[in-house]
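Subject: Structure handover

Dear colleague,

Here is the structure for your files. My notes on it come after the structure.

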Amino acid sequence: MRFIIFVLLGLQIHCTAQPYSLSNDVKRIVFLGNSITYSGKYISYIDAYFTILYPEKHFEFINLGLPSETVSGLSEPNHADGKFARPDLHERLERLLVKIKPDLVLACYGMNDGIYMPFDEDRFHKYKEGMGWLHDQILKSGASLLLITPPVFDERKGKAYSNVLDIYSDWLISCRYTSNWEVIDIHWPMKKYLEEQRLTDSLFLFADDGIHPNEIGHFIITKQILLYLGETEFANAKDIKNALSNYENGDAILNLIEKRQKIVKDAWLTFIGHKRPGLEVGLPITEANAQCVEINKQIQALLKQ
């Protein structure tokens with residue numbers, strides 16, 4: 001079985017798709033997903049990269065990830081100690097598309113969609129059905145869509161669920177060919193990196209809980225997305241500091257972008273509305289925009305130095 005896993009892993013890594021080209025019409029780019037997306041690190045890294053290398057393009061990267069969310073509509077019994085069921089993307093997607101009008105959406109679901117239980121055909125069907133619905137709704141809105149395989153679940157926290165996400169990822173990758181979907185694979189590169197690191201450091205982890213990746217994990221997600229977008233010079237970068245080290249004020253710009261990302265995320269999530277309790281209430285959009293204008297001035301000043 002382990003041999004088969006490594007063979008499949010090798011096939012996935014080498015079956016890279018042709019780079020996706022961002023058209024000149026793409027300005028507003030929205031990220032959907034669960035708590036891994038909501039944490040925002042990989043989005044801030046992508047934002048910083050494009051801000052530094054392509055300042056004239058003025059991309060707007062908006063994080064609308066929602067903790068606990070699924071696209072399958074499933075929730076485990078007594079989720080969050082019975083405080084609330086998992087939020088379902090079906091509840092907010094239409095409002096989101098009408099209010100924010102994205103040009104491009106990147107969506108990463110799957111980690112929560114098997115609800116941390118062993119593989120089950122009914123749950124798998126719900127995930128596939130939800131991803132198909134998401135694909136159709138985004139394209140119907142006039143936006144383009146890049147789907148992202150779920151991040152790796154550490155098998156040390158449960159081999160059964162690690163296998164579930166292997167299966168979900170393989171199916172989503174297959175949709176490149178069966179349905180002509182645009183799919184970015186982060187799952188198998190993360191799994192390969194995890195296994196390689198443990199050959200020399202048996203204690204290596206992406207996540208203490210097996211789910212939420214650290215900065216290294218978010219950097220690998222960033223790298224796979226940027227490579228899919230044709231940014232090949234990012235291929236040899238080892239981490240985000242290394243990636244930005246060749247650019248004047250790279251760290252300072254990233255810090256400002258992380259600040260801007262949080263303001264925008266909280267404002268838009270509050271404005272659109274959701275059913276996930278416990279999140280910060282964002283500023284009104286106009287106030288958030290005003291704060292971002294000031295941050296943008298600081299970023300532009302650093303870019304000109």
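Predicted model: local features only at pLDDT ≥ 70, side-chain atom pairs only at ≥ 80, totals over all residues.

Residues are numbered from 1 along each chain as its sequence is written, and side-chain values use heavy atoms, without hydrogens or water.

Helix 6 (residues 159-178) and helix 7 (residues 187-200) have axes that come within 10 Å and cross at roughly 140 degrees. Helices are DSSP runs of H or I, at least four residues, and strands are runs of E, at least two, numbered from the N terminus. Axes are lines fitted to C-alpha atoms, for helices over the stretch in contact, with angles from 0 to 180 degrees between N-to-C directions. Contact (heavy atoms within 4.5 Å) involves Ser162, Leu165, Asp166, Ser169, Asp170 and Ile173 of helix 6, and His187, Trp188 and Lys191 of helix 7.

The structure holds 13 salt bridges (a side-chain nitrogen of Lys or Arg within 4 Å of a carboxyl oxygen of Asp or Glu). One of them joins Asp166 to Lys191, with the closest N and O atoms 2.7 Å apart. Asp166 lies in helix 6 and Lys191 in helix 7, so the pair ties together parts 25 residues apart in sequence.

The second largest pocket is lined by 19 residues, and His58, Phe59, Glu60, Arg260 and Asn296 lie nearest its centre. A pocket is an open set of points on a 1 Å grid over the protein atoms alone, where a 1.4 Å probe fits, with protein on both sides within 12 Å along at least five of seven lines; lining residues have an atom within 4 Å of a point. Helix 11 gives the largest share of this pocket's lining, six residues.

Regards
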